[in-house]
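Biologist: I am new to this structure and would like to learn how to read its features one at a time. Could you take me through them slowly?

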Amino acid sequence: MPLPDPQLTPGLEERAARVSLFRKLLKNPVGLIALIFLALLVLSAIFAPLLAPADPNTASLQDVLAPPGGAHPLGADSAGRDVLSRLLFATRFSLAGALLALVVAAVIGVVAGLIAGYFGKWFDSVSSWFAGLLMALPGIVVLLAARAVLGPSMWLSMAIFGVLLSPAFFRLVYASVSAVRNELYVDAARVAGLSDARIIARHILTVVRAPVIIQAAMITGIAIAIQAGLDFLGLGDTTVPSWGSMLNDAFAKIYTNPDLMIWPASAIALTCIALTLLANVMRDELERTAGPVKRRKNRDRAAEAPIVKAAHLSTVGMATISEEERRLALEQPAASEPGEIVHPVVVHPDPEDGGRSSTGNPFGEELLSVRNLAVGYDQPDGSIKVVVNDVSLRVRRGEVHGLIGESGSGKTQTAWSVLRLLPDGGRVIDGSISFEGKDLAHATEKEMTKLRGAKIAYIPQEPMSNLDASFTIGSQLVEPMRVVLGLSKSEATKRALGLLERVGIPNPQRTFDAYPHEVSGGMAQRVLIAGAISCDPDLLIADEPTTALDVTVQAEVLSLLRELQAELNMGVILVTHNFGVVADLCDRVSVMRAGRIVETGPVRSIFAAPEHEYTKALFAAILEEGEPRGELVAARTETAQTEKEGLR
Ligand SMILES: Nc1ncnc2c1ncn2[C@@H]1O[C@H](COP(=O)(O)OP(=O)(O)OP(=O)(O)O)[C@@H](O)[C@H]1O
């Protein structure tokens, strides 16, 4: 029975920090004043035709420079036009012009930033080059040139200005997306079977949303100022009333009627100040929230964890490399010491009845068959570094196959090859990966997206980093079930609550509503296990699922895994450093060293009579008294020596 988790705190303070940005702005006096001012401005722009006492362009010789009062509450200008009406319509056109520039800049910048930051590759270089080019252009000169060629259209000028402003959004979004695309929760979402479009919409956009809103406020202020500047210089569209054109008109009468300057100048200044203050308050409020801090902490932790090697995930399948390249690459011993002799794999025979699962039933059909798998990484000099070589293994339904070996022996690379989620530059360079009769090494990305999460599930070693700090645990469980199983929200919620209960979470509803930082590591790992089994996978890949947990929690999680595996009759690949875990959970084990399997067979047989020196060395390091790590290092040196002499 799992222990109730002491670290599930109600988290009221942090939950309070997550109230919407809008509510935070309302509570901040500066934010509130800026919001009220901008709201009034927008309302007056929208209702300008109703509020204006006269037509903004109707001139009257009798009213030239009329003082405020009567039919002209703010007076009349040098052409006898009503200043209040012009001001209201100018607000409309100035805001609309700034909005046009903002929309053009945001659409181009955000879309390009998302694509370049998330997918990278050639688009990254091309778009970064374009952004640099646009930033190098002097904006005002381009606008003057455009006006000379295309005429004095305010809309055209603002659209062109939007293009010139787009690098501001591009660089911001690009930096934010590049920072999160390697987060483990993004990898986890991919493993859960979510498509790139969904991952971007759900996990990436949430990260860039806040900075984009802040940037939008600043950009609107800049667009208003530039537009006013152009109109003030008399380069704008004279048929459209705007703050800049009012300023231009008033400037001519600055000595006789200085009050005409006050209204447009105040409108421009107050609007720019309100937008800048709003942006600053938003930034301050967001910096005060727990979310980004938590995420940063998770990043740091992830950076320390070995799984960070899976960063820069790409979904490269069987590489299209030439036969010659493949032959040369495979001739290298996989990551082993130079000159070391590679011995044939020691294979322990299966029991005569083929073996039985922990429930006593015979194993089912073969789910996964990996044959002579080789994984390589492209090197800057054009060569390929082979990190897994000639690895063959199979997993039957109901069978747990352990992959054990020292750090860097290729266990994770083998597991990631099956998921087809090798890090950037990594590729399957030889062999086949057959899953339920389908060759995964040659499957298209679309086929893999369908399999991941639905048929092949994954449990990572860093539970916290694999959950997105911006969403509740419930929503992260529900989303893949809706996509993969096509369940409705209520069905998926019900199933998620059932799964949370099944994985031993004492108060499923509370955990469902909690954010990742509100639960402990053990509970987060249970959540990820619930997520992994949520779509009834046939094969589960667990990559050191207990490494990041403390010893008591490790035992509970292992026992949960054992129960679930038997209950769902899944095939499991369990990556571990620990022979205790192998003894506890596995039916078969493959011992890996330097990218190769050196010994494989039923766990009982290998435990009873390990044959390979390296397996014996691993056992010696664990079972014998003394300092385990010292023993392993000494034994490894001996092993290398023995192998060099051709002995085993
Ligand atoms: N992106 C990469 N580029 C080049 N080599 C890599 C890359 N990622 C991993 N490797 C190499 O692949 C080899 C196997 O790594 P792998 O992560 O599979 O080891 P592991 O047995 O899972 O170790 P651990 O238990 O520490 O996770 C290592 O020698 C490592 O240096």
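Modeller: We will go from the overall make-up to single residues, bearing in mind throughout that this is a predicted model.

Biologist: How many helices and strands does the secondary structure of the protein come to?

Modeller: The protein has 25 helices and eleven strands.

Biologist: What percentage of the residues is buried, and how much accessible surface does the protein have?

Modeller: A residue is called buried when its relative accessible area is under 20%. In this protein of 648 residues, 52% are buried, while the accessible surface comes to about 28,800 Å², with 61% of that area belonging to carbon and sulfur atoms.

Biologist: Which share of the contacts joins residues at least 24 apart in sequence?

Modeller: If we take the contacts between residues at least 6 apart in sequence, 74% of them join residues that are at least 24 apart.

Biologist: Which residues does the "transmembrane region" annotation cover?

Modeller: An annotation of this kind may be inferred rather than shown by experiment. According to the unreviewed UniProt entry, the annotation covers residues 30–52, 93–117, 129–149, 155–174, 207–230 and 260–279.

Biologist: What is the helix content of residues 30–52 and of residues 260–279?

Modeller: Residues 30–52 are 91% helix and 0% strand, with their end C-alpha atoms 29 Å apart. For residues 260–279 the values are 100% helix and 0% strand, and the end C-alpha atoms of that span lie 30 Å apart.

Biologist: How are Glu436 and Asn569 classed, as buried, partly exposed or exposed?

Modeller: Glu436 has a relative accessible area of 34%, and is therefore partly exposed. Asn569 also counts as partly exposed, because its relative accessibility is 37%.

Biologist: How many disulfides does the structure hold, and are Cys272 and Cys586 buried or exposed?

Modeller: A disulfide would need a pair of cysteine sulfur atoms within 2.5 Å, and the structure holds zero disulfides. Cys272 is buried, at a relative accessible area of 17%, and Cys586 is buried as well, at 8%.

Note on methods. Residues are numbered from 1 along each chain as its sequence is written. This is a predicted model: local features need pLDDT of at least 70, side-chain atom pairs count only at pLDDT 80 or more; totals for chains, interfaces and linings use all residues. Side-chain values use heavy atoms; hydrogens and water are left out. Helices (H or I, at least four residues) and strands (E, at least two) are DSSP runs, numbered from the N terminus. Buried means under 20% relative accessible area, exposed over 50%, partly exposed in between (1.4 Å probe, protein chains only). Contact means heavy atoms within 4.5 Å. Accessible areas come from the Shrake-Rupley method with a 1.4 Å probe; for residues, only the protein chains shown count as cover.
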